[in-house]
Amino acid sequence: MNRIFWATCPKCGGNFVVAWELRHSKSRLVCPHCQWRFRVEEARALDERWLG
Ligand SMILES: [Zn+2]
């Protein structure tokens with residue numbers, strides 16, 4: 001099974017799927033809706049899921 005998580009952008013509130021490898025990474029996520037860059041801990045919400 002693969003693990004992913006949904007992140008909610010703190011700027012536009014849009015949701016998008018992110019690879020699990022980035023869950024505890026210091027690198028920034030890029031919102032596909034508004035191109036805002038933010039750290040995982042800055043997300044408005046996180047929804048952790050298992051796939052498969
Ligand atoms: Zn956004």
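A residue counts as buried under 20% relative accessible area, as exposed over 50%, and as partly exposed in between, with a 1.4 Å probe and protein chains only. The model is predicted, so local features need pLDDT of at least 70 and side-chain atom pairs count only at pLDDT 80 or more, while totals for chains, interfaces and linings use all residues. Residues are numbered from 1 along each chain as its sequence is written, and side-chain values use heavy atoms, with hydrogens and water left out.

**Exercise 1.** Determine which residues coordinate the zinc ion and what arrangement their donor atoms form.

*Solution.* Begin with the donors, meaning N, O and S atoms within 2.8 Å of the metal (3.2 Å for Na, K and Ca), where water is not among the atoms, so sites may look incomplete. The SG atoms of Cys 9, Cys 12, Cys 31 and Cys 34 coordinate the zinc ion at 2.3 to 2.4 Å. Next take the angles: the 4 donor atoms subtend 107 to 113°, which makes the arrangement tetrahedral, a label that requires all angles of four donors to lie between 85 and 135 degrees.

**Exercise 2.** Locate Cys 12 and Cys 31 among the strands, and classify Cys 31 as buried or exposed.

*Solution.* In sequence, the donor residues follow the spacing C-x2-C-x18-C-x2-C. Cys 12 lies in the loop between strand S1 (2-8) and strand S2 (15-19), and Cys 31 in the loop between strand S3 (29-30) and strand S4 (37-38), so the pair ties together parts that are 19 residues apart in sequence; strands are DSSP runs (E, at least two residues), numbered from the N terminus. Finally, Cys 31 has a relative accessible area of 0% and is buried, whereas Cys 12, at 40%, is partly exposed.

Definitions and conventions: Four donors count as tetrahedral if all angles lie between 85 and 135 degrees; four count as square planar and six as octahedral if opposite donors are over 155 degrees apart and all others between 65 and 115; anything else is irregular. Helices (H or I, at least four residues) and strands (E, at least two) are DSSP runs, numbered from the N terminus.
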